[in-house]
Amino acid sequence: MTYLVTDACIRCKYTDCVEVCPVDCFYEGENMLVIHPEECIDCGVCVPECPVEAIVPDTEDDKDGKWLKINADYAKVWPNITLRKDPPADADEMAKVKDKLSTLFSSKAG
């Protein structure tokens, strides 16, 4: 099992999770974070830090493997992030939006 960042992070990009990660396995895109599944040690300390509940075990909300692929692929090309940053000004508003992958996701690095 590994933890994955999912749709809820897109355009919210709270970074509280990166400061508690003991292995620095978070990577930053323009408008979301991902977890490198091969670096994650499955400790789960990041889960309660995410105010939008975007971090889930791969066994929970990823039946088709879509989020595992997204996390694995982008963790290879986006820069590592280890320090908290301020979220976007509209993060609270964006937290209410559902199904953001097809319309709001950016593949650009952060």
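Student: Does Lys13 count as buried or exposed?
Tutor: Buried means under 20% relative accessible area, exposed over 50%, and partly exposed in between (1.4 Å probe, protein chains only). Lys13 has 11% relative accessibility, so Lys13 counts as buried.

Student: What kind of model is this?
Tutor: Residues are numbered from 1 along each chain as its sequence is written, and side-chain values use heavy atoms, with hydrogens and water left out. Local features need pLDDT of at least 70, side-chain atom pairs count only at pLDDT 80 or more, totals for chains, interfaces and linings use all residues, and the model itself is predicted.

Student: Where is Lys13 found?
Tutor: Helices (H or I, at least four residues) and strands (E, at least two) are DSSP runs, numbered from the N terminus. Lys13 is not a glycine, but its phi is positive, about 50°. Its place is the loop between β1 and α1.

Student: Which residue has a salt bridge with Lys13?
Tutor: A salt bridge puts a side-chain nitrogen of Lys or Arg within 4 Å of a carboxyl oxygen of Asp or Glu. For Lys13, the closest N and O atoms are 2.8 Å apart, and the partner is Glu28. The pair links distant parts of the chain, 15 residues apart: Lys13 lies in the loop between β1 (3–5) and α1 (16–20), and strand β2 (residues 26–28) holds Glu28.

Student: Which residues are joined into one network?
Tutor: Lys85 is partly exposed, at 40% relative accessibility. Glu28 is buried, at 6%. Salt bridges that share partners make one network of Lys13, Glu28 and Lys85.

Student: How many residues separate Arg84 and Asp16?
Tutor: The two side chains meet in a salt bridge, 3.5 Å from N to O. Arg84 sits in the loop between α2 (66–75) and α3 (91–94), Asp16 sits in helix α1, and the separation is 68 residues.

Student: How many salt bridges does the whole structure hold?
Tutor: The Arg84–Asp16 pair is a salt bridge, and Lys85 with Glu28 is another. A search of the whole structure gives a total of six.

Student: Which residues are closest to the centre of the largest cavity?
Tutor: On a 1 Å grid over the protein atoms alone, a cavity is a set of points where a 1.4 Å probe fits but cannot get out; a pocket is an open set with protein on both sides within 12 Å along at least five of seven lines; lining residues have an atom within 4 Å of a point. Grid points are joined across faces, edges and corners, and a volume is the space filled by probe spheres set on the points. The largest cavity holds about 70 Å³ of space. It has 13 lining residues, and the closest to its centre are Cys21, Cys25, Cys40, Cys43 and Cys46.

Student: Which elements give two or more residues to the lining of the largest pocket?
Tutor: The largest pocket has a volume of about 210 Å³. Its lining includes Lys66, Trp67, Leu101 and Ser102. The elements that give two or more residues are α2 and α4 (101–104).

Student: Which residues of α2 are buried?
Tutor: The cover over the buried residues of α2 includes β1, β2, β3 (33–35) and α4, by contact (heavy atoms within 4.5 Å). The buried residues are Trp67, Ile70, Asn71, Ala72 and Ala75.
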